[in-house]
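Please keep the sequence and the structure in view while reading.

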Amino acid sequence: MNASIAGKRQALGARTRAWRPELPGWLAALMSAPIGLCFLALVFYPMIKLVIESFGTGNLDAYWSAVTDPVKLRALGTTLWVSAAVMVVSLILAFVIAWSLRTSKSVLLRSALWVGLLMPMAMSAVVQNYVWIVILGRNGVLNSLLNSVGLPSIGLLYTPGAVIVAMVYTLLPFAVFPLVVTFSTIPNRVLQAAESLGAGWLTTMRTVVLPLSVPGLFITGVLVFVLSLGFYVTPIIMGGPRATFLAKVIQDDLMMRFDRPGASATSVIMMVVALGIVALAIRVVGRERFERALG
C-alpha cells in the first residue's frame with residue numbers, strides 16, 4: 001500500500017514542472033515590452049534627435065560656440081560648482097538623517113523624519129520654491145526673526161546660497177534613501193563588537209561605519225550631483241532673472257535666440273557630462289554595488 005502511494009507521488013512529481021522564480025523568456029519579454037516602448041519613444045528617440053539637431057547643417061559650429069562662448073562657459077562653471085555644493089550639503093545632512101533612521105528606537109522621531117523627507121516629494125517644484133521665498137525674502141520669516149532679536153536683515157534671496165538651500169531641500173530624499181539602504185547592510189554585531197572593544201560613538205563612526213559606507217556615499221553623491229545639473233525652475237526662481245545656470249542658457253537659446261542647434265549642442269554636452277560621471281561611478285565602485293546602493 002505504502003509502496004503504491006509512493007509510486008503515484010513519484011509519477012505525479014515527474015509530470016509536474018518544478019517551480020522556478022524566473023519567468024520564461026517570452027513572458028518576461030512580453031511584460032517588459034510596454035516599458036521598453038516607452039523608453040524608446042520618450043528617452044532614446046529624443047536623445048538621438050537632440051544629437052542630430054546639434055549638428056545643424058552638418059558641421060560642428062554649434063559645439064565650437066558652446067565651448068568658446070564666455071556666457072555658456074560661465075553658466076557651466078556656475079552649474080558645476082552649485083551642483084557640487086548641493087552634493088556636499090546633501091551628503092552631510094543625509095548621513096545624519098539616514099543614520100538616525102537606522103539606529104533610533106523612537107517611533108516618533110523616525111515618523112517625523114519620514115514625514116519631513118516625503119513632504120518635498122508631495123509638492124511641486126514651484127510650490128517648494130515659493131515657500132523658500134516666504135522664508136528667505138526681504139520681509140520673510142528669517143529676517144523677521146533676526147529683527148526681533150536686534151540683528152540686521154540679510155539678503156539671501158536671489159543669491160547662489162538661496163539656490164543651494166532650495167535644491168538641497170528638494171534633493172535630500174534622493175540622498176537619504178540610498179544611504180538608508182547602505183546603512184541597513186551594516187550588521188548590528190559589527191557595531192556591538194566595536195562597542196565591546198571600548199570604541200566610543202565617534203570612533204565607531206570613523207573607523208567602522210564610514211569605511212563600510214564609502215561606496216554608498218560615493219554613489220549617493222553622484223546621484224545628487226547629476227540630478228542637480230538639470231535643475232531649471234529652482235535656479236530661475238531662487239536665483240533671479242540674472243541667474244546664469246546652464247538650463248537657463250539652453251532655454252534662452254530656444255525661446256529668445258531661436259538657436260536650436262546651439263541649444264541642442266549645449267544639452268548634449270551637459271548630457272555627456274552627466275553620463276560620464278555615472279559611468280565613472282560604476283567603474284569605481286562596480287555595477288553590483290552601484291545597483292545595490294540605489295535599492
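## Basis of the values

The model is predicted, with local features requiring pLDDT of at least 70 and side-chain atom pairs counted only at pLDDT 80 or more, while totals for chains, interfaces and linings use all residues. Residues are numbered from 1 along each chain as its sequence is written, and side-chain values use heavy atoms, leaving out hydrogens and water.

## Overall composition

The protein has 14 helices and zero strands. Helices (H or I, at least four residues) and strands (E, at least two) are DSSP runs, numbered from the N terminus. In sequence order the pattern is α-α-α-α-α-α-α-α-α-α-α-α-α-α.

Of the 295 residues, 33% count as buried. Buried stands for under 20% relative accessible area, exposed for over 50%, and partly exposed for what lies in between, with a 1.4 Å probe and protein chains only. The accessible surface amounts to about 18,200 Å², and carbon and sulfur atoms hold 70% of it. Such areas come from the Shrake-Rupley method with a 1.4 Å probe; for residues, only the protein chains shown count as cover. A contact requires heavy atoms within 4.5 Å. Among contacts between residues at least 6 apart in sequence, 73% join residues at least 24 apart.

Helix α4 (residues 70–103) and helix α10 (residues 201–229) have axes that come within 9 Å and cross at roughly 140 degrees. That angle makes α4 oblique to α10. Axes are lines fitted to C-alpha atoms, for helices over the stretch in contact, and angles run from 0 to 180 degrees between N-to-C directions. Angles under 35 degrees count as roughly parallel, over 145 as roughly antiparallel, 65 to 115 as roughly perpendicular and the rest as oblique. The crossing of α4 and α10 is right-handed; a crossing has this hand if the near helix is turned clockwise from the far one by less than a right angle, and is left-handed if anticlockwise. On the α4 side the contact includes Thr79, Leu80, Ser83, Phe95 and Trp99, and on the α10 side it includes Trp201, Met205, Val209, Phe225 and Leu229. By class, this contact has 15 nonpolar, seven polar and no charged residues. Nonpolar covers Ala, Val, Leu, Ile, Met, Phe, Trp, Tyr, Cys and Pro, charged covers Asp, Glu, Lys and Arg, and polar covers the others, Gly among them.

Helix α8 (residues 160–184) also packs with α10, at an angle of about 150 degrees and with the axes 9 Å apart. This crossing is right-handed. Among the α8 residues involved are Met167, Leu171, Phe174 and Pro178, which belong to a contact that includes Val209, Ser213, Gly216 and Leu217 of α10. The contact of α8 with α10 has twelve nonpolar, five polar and no charged residues.

## Packing of α3 on α4

The axes of helix α3 (residues 61–68) and α4 come within 5 Å and cross at roughly 65 degrees. Ser65, Ala66, Val67 and Thr68 of α3 make the contact with Pro70, Lys72 and Leu73 of α4. The classes here are four nonpolar, two polar and one charged.

Val163 lies in helix α8 and counts as buried because its relative accessibility is 1%.

Phe245 sits in the loop between α11 (233–239) and α12. With 8% relative accessibility, Phe245 is also buried. Not counting residues up to four places away in sequence, Phe245 touches Ala75, Thr78, Thr79, Val82, Val163 and Pro235. Phe245 and Leu80 are 165 residues apart in sequence, with 9.1 Å between their C-alpha atoms.

## Loop residues with positive phi

Tyr158, in the loop between α7 (141–148) and α8, has phi near 65 degrees, a positive value in a residue other than glycine. Tyr158 counts as partly exposed because its relative accessibility is 48%.

Phe258, in the loop between α12 (246–255) and α13 (260–285), has phi near 55 degrees, also positive in a residue other than glycine. At 66% relative accessibility, Phe258 counts as exposed.
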